[in-house]
Amino acid sequence: MSEHPLSARGDHRVSRRRFLAGTGSVLGAAALAGTIATPARAEVPGLNCTPIPDGSQVRALVIGTGYGGSVAALRLARAGVDVHMIEMGMAWDAPGPDGKIFANTTKPDYRSFWLRTRTKQPLSQFLGFPLDKDVPVHTGILDAEDFAGITVYQGRGVGGGSLVNGGMAVTPLRERFPEILPTVDPAEMYSTYYPRANAGLGVTSVDVDWWENADCYQYARVGRKHAQRSGFPFVFVPNVYDWDYMKQEAAGSVQKSALAGEVIYGNNVGKKSLQKTYLARAAATGRVSVSPLHRVTSVSPAAAGGYTVVIDQIDTTGAVLVTKTVRADRVFFAAGSVGTGKLLTRLKATGALPALNDQIGKGWGDNGNVMCGRANHMWDPTGSLQSSMPTAGIDNWDAGGAFAEVAPLPTGIETYASFYLSITRTPRRAEFSWNPATGTVDLSWDRAWKQTSIDMARSIFDRINSKEGTIYRTDLFGAYKIWGDHLTYHPLGGAVLGRATDNYGRLHGYSGLYAIDGSLIPGNTSVNPFVTITALAERNIERIVAEDF
């Protein structure tokens, strides 16, 4: 049985059996996960979102509600441990004035960006017109966090990055795994933890027969044709979207979600975010509670044992309402690569956790992200209706160091454009450092490092353009600018496994402190990273529960 979705294929058909095999034995892992993930349209048990009281004592405090934090909360709760999760963003459980929880991608509003006065969209222009606009300051769902040389896009809210990504759930090829996590045994990951993660996330694959004729995937079929004509493997990959629901969207029988372009500012119906999978099952234990709009500012050893945690409760403008102090027996840092990396860097530098080792803040990378668009000929329309959930990519990793997601450009009009997000084998790693003059954490990223990623992406698109007689689009990222080299959607590193921690995420220097998110992965996964983050968290928390609790 094939283990991964990234098996090269020259033909355009993929059997149902081969598709299921590519998900990492999803169905066969149901027993390991406890249950197949909650369907996207099912009633989701509500999380207990009561703000944590000042002076509380908790057995396990989890900072963040993304992939790693959600895995930790579920497994701890099922082991009989009461868990409280701290989330800087909102709960996203109440509709806005339009009756929907999340804003549409083409119409950003106050819900769209985290504490900005103006949107900062990944595509800043279209057909020569600027896309950004003024918005009220609000604790919106997408954070465009600026560092020197790079903007890092992150999800804000209960569910973390699962709220804002395209759901592309890729298990990396096994032969590439030693490059990703060299201290972890691939055999256990591919036999147990990747299948467990895929099952827990609700990963499934699109019905290829339907895909072949769906108007909403015309753009992907054009991408396939161009890739194969230039000799590149076109590979289908799984997703966490509810494909049955998408079929109903296409038939016009339900509220449109992916076919309404919903993606980077949240998806209202069809996507199985963590709220509908891990967090829903964690809530069902009755042992997990969450404090949205709470931000951890300090963690330090408590005189009575455990850790004193200082937390600001904020309002939707970011203003601090009250500062609370609680005591936790154990603390799990799961605020994402940037959140965890920044917080640990500050805690070490300012003396709150001085025994953290010198690997804190290091090994940070952008997963080699770079974006581009191509202008196709008039006989290659990509469709005015485009599903916002990608299903496939172009694999040139071994020859050119790039895997390119064939991405949607859901504008609602015909653009004749093919759009891509590439992941590349970039060797560059940055580190976080404390800046005492400004009281902030800096990142040592150099914008010039992106040239490596551009060169690797060009190994695909220069050849396609030459073969097709097409050109790059120059109107998406600024005037006459081809490459989206200013950003990453996939931040990784900052508390690398086996360096800042032991081989299971226990932070060196302190008993009862753990990193359990993308900060553990040193900068690159060769594909979209959230399945690997989830699988690693499943591996680590199993050992931590068995030995530390």
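Helix H12 (residues 450-468) lies across strands E12, E13 (392-396), E14 (402-407), E15 and E18, and its direction is at about 10° to that of E12. This arrangement, like the other features described here, is taken from a predicted model.

The sheet concerned is open and has six strands in the order E7-E13-E14-E15-E12-E18, with antiparallel pairing. One of the residues involved is Met371, whose bridge partner in E15 is Leu421.

The loop that leads from E14 to E15 contains Tyr416. Tyr416 has a positive phi, near 55°, and is a residue other than glycine. The relative accessible area of Tyr416 is 23%, which makes this residue partly exposed. A positive phi also occurs at Leu293, where the value is about 55° although the residue is not a glycine. Leu293 is located in the loop between strand E8 (288-291) and strand E9 (294-301). With a relative accessible area of 15%, Leu293 is buried, the cut-off being under 20%.

A hairpin is formed by E16 and E17, with four residues between the two strands. Gly439, in the turn, has a positive phi of about 70°. Strands E16 (residues 432-435) and E17 run antiparallel and are connected by four bridges. Trp434 has Val441 of E17 as its bridge partner. In a regular strand, side chains alternate between the two faces of the sheet. In E17 (residues 440-443), Val441 and Leu443 belong to the covered face, whereas Thr440 and Asp442 belong to the uncovered one.

At the level of the whole protein chain, 13 helices and 20 strands are present. The radius of gyration is 22 Å, close to the 24 Å given by the globule rule for 549 residues, so the chain is as compact as a globular protein of that length. Along the principal axes, the C-alpha atoms fill a box of roughly 70 × 50 × 45 Å. Of the 549 residues, 62% are buried. Among contacts with a separation of 6 or more, 73% are between residues 24 or more positions apart. The protein chain exposes about 18,900 Å², of which carbon and sulfur atoms supply 52%.

Key: Residues are numbered from 1 along each chain as its sequence is written. This is a predicted model: local features need pLDDT of at least 70, side-chain atom pairs count only at pLDDT 80 or more; totals for chains, interfaces and linings use all residues. Side-chain values use heavy atoms; hydrogens and water are left out. Two strands pair if DSSP finds at least two bridges between them. Contact means heavy atoms within 4.5 Å. Axes are lines fitted to C-alpha atoms, for helices over the stretch in contact, and angles run from 0 to 180 degrees between N-to-C directions. Buried means under 20% relative accessible area, exposed over 50%, partly exposed in between (1.4 Å probe, protein chains only). The radius of gyration is taken over C-alpha atoms; the globule rule is 2.2 Å times the number of residues to the power 0.38. Accessible areas come from the Shrake-Rupley method with a 1.4 Å probe; for residues, only the protein chains shown count as cover.
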